[in-house]
Amino acid sequence: MSTAPALDPAHTALLVMDYQPAILALLPESDSEALLGRMEKVIADVRGRGGTVAYVRVGFTEADWAAIPPTNRSFAPIAQHRLMHHADLDTAIHGRLAPQDGDIIVRKIRYGGLSTTDLDQRLREHGITTLIIAGISTSGVVLSTVLDAADRDYRLYVLADGVADPDPEAHDILLRQVFPSRAHVLETAEVHTLLRAD
């Protein structure tokens, strides 16, 4: 059982990041199905206890592509090939995890969930001080967001079975050696117990 502190739903947000068909397609199909099933449950738990659910998705406009310099090793190829257009169905949030009224939704144009969005401001306006982080990939959006959010003094929880990466070794190293110094690492099933029913 987790030794992580209990979660106060009124001040907690679950970040569901890059759960988009184009990104899920980078994983084996069986992994994607299992991830989606776990995320459906944890989203329902957080919503059911009155917590906030925030969705982060990556998608580009023509202006976004034009602004990416050729020196950006990660994003220049995306701009060059005009990939991940914000209006493509493959960049929408996966239908099984569809947002509901009152959820926060932001679109980003770099790895981190906070750096190119107004997510931090919107979370602060909701009184959020604690983040539960889930996303694909562990070495992309999750790593960037954990580092950034830790520097912004959020209390962090990373869902070990709510994050995934095409590189299993990078995934394991981050969960075992990097994230524990900044976040509580736990399983999705533990969230239900940790959410206080005040």
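This is a predicted model: local features need pLDDT of at least 70, side-chain atom pairs count only at pLDDT 80 or more; totals for chains, interfaces and linings use all residues.
User: What should I know before I start?

Analyst: Residues are numbered from 1 along each chain as its sequence is written.

User: Which residues does the UniProt domain annotation cover?

Analyst: UniProt positions are given in the numbering used here, feature names are shortened, and annotations may be inferred rather than shown by experiment. In this case, an unreviewed UniProt entry carries the annotation "domain: Isochorismatase-like" for residues 12–190. Helices (H or I, at least four residues) and strands (E, at least two) are DSSP runs, numbered from the N terminus. Over residues 12–190 the chain is 39% helix and 21% strand. The end C-alpha atoms of that stretch are 15 Å apart.

User: Is lysine 108 buried or exposed?

Analyst: Start with the cut-offs. Buried means under 20% relative accessible area, exposed over 50%, and partly exposed in between (1.4 Å probe, protein chains only). Lysine 108 has a relative accessible area of 2%, so it is buried. It lies in strand β3, residues 104–108.

User: What does the side chain of lysine 108 make a polar contact with?

Analyst: A polar contact is a pair of N or O atoms within 3.5 Å. Within protein, one must be able to donate a hydrogen and the other to accept it. Residues adjacent in sequence count only if both atoms are side-chain atoms. Here, the side chain of lysine 108 pairs with the side chain of aspartate 18 at 3.1 Å. The lysine 108 side chain also reaches the backbone oxygen of tyrosine 111, at 2.9 Å.

User: Which residues does lysine 108 touch?

Analyst: Contact means heavy atoms within 4.5 Å. Leaving out residues up to four places away in sequence, lysine 108 touches Asp18, Val56, Arg57, Val58, Gly59, Gly113, Thr116, Thr117 and Val141.

User: Where does aspartate 18 lie, and what is its phi?

Analyst: First the general idea. Most residues other than glycine have a negative phi, and most peptide bonds are trans. Aspartate 18 has a phi near 60 degrees, a positive value in a residue other than glycine. It sits in the loop between β1 (12–17) and α1. Aspartate 18 is buried, because its relative accessible area is 5%.

User: Is aspartate 153 buried or exposed?

Analyst: Aspartate 153 has 67% relative accessibility, so it counts as exposed. It is found in the loop between α6 and β5. Its phi is positive, about 70 degrees, although aspartate 153 is not a glycine.

User: Which peptide bond is cis?

Analyst: Look at the bond from isoleucine 136 to serine 137, where omega is near 15 degrees. Serine 137 lies in the loop between β4 (130–136) and α6.

User: How do I read a pocket, and which residues lie nearest the centre of the largest pocket?

Analyst: Work on a 1 Å grid over the protein atoms alone. A pocket is an open set of points with protein on both sides within 12 Å along at least five of seven lines. A cavity is a set where a 1.4 Å probe fits but cannot get out. Lining residues have an atom within 4 Å of a point. Grid points are joined across faces, edges and corners, and a volume is the space filled by probe spheres set on the points. The largest pocket holds about 320 Å³ of space. Its lining has 16 residues, with Asp18, Ile23, Leu26, Ile78 and Tyr111 nearest the centre. The elements giving two or more residues to that lining are α1 (21–24) and α6 (138–151).

User: How many residues of that lining are nonpolar?

Analyst: Ala, Val, Leu, Ile, Met, Phe, Trp, Tyr, Cys and Pro count as nonpolar. Asp, Glu, Lys and Arg count as charged, and the others, Gly among them, as polar. The lining of the largest pocket has 11 nonpolar, 2 polar and 3 charged residues.

User: Which element gives the largest share of the second largest pocket's lining?

Analyst: Helix α2 does, with 4 residues. This pocket has about 160 Å³ of space. Its lining includes Leu27, Asp31, Arg38 and His171.

Terms used: Side-chain values use heavy atoms; hydrogens and water are left out.
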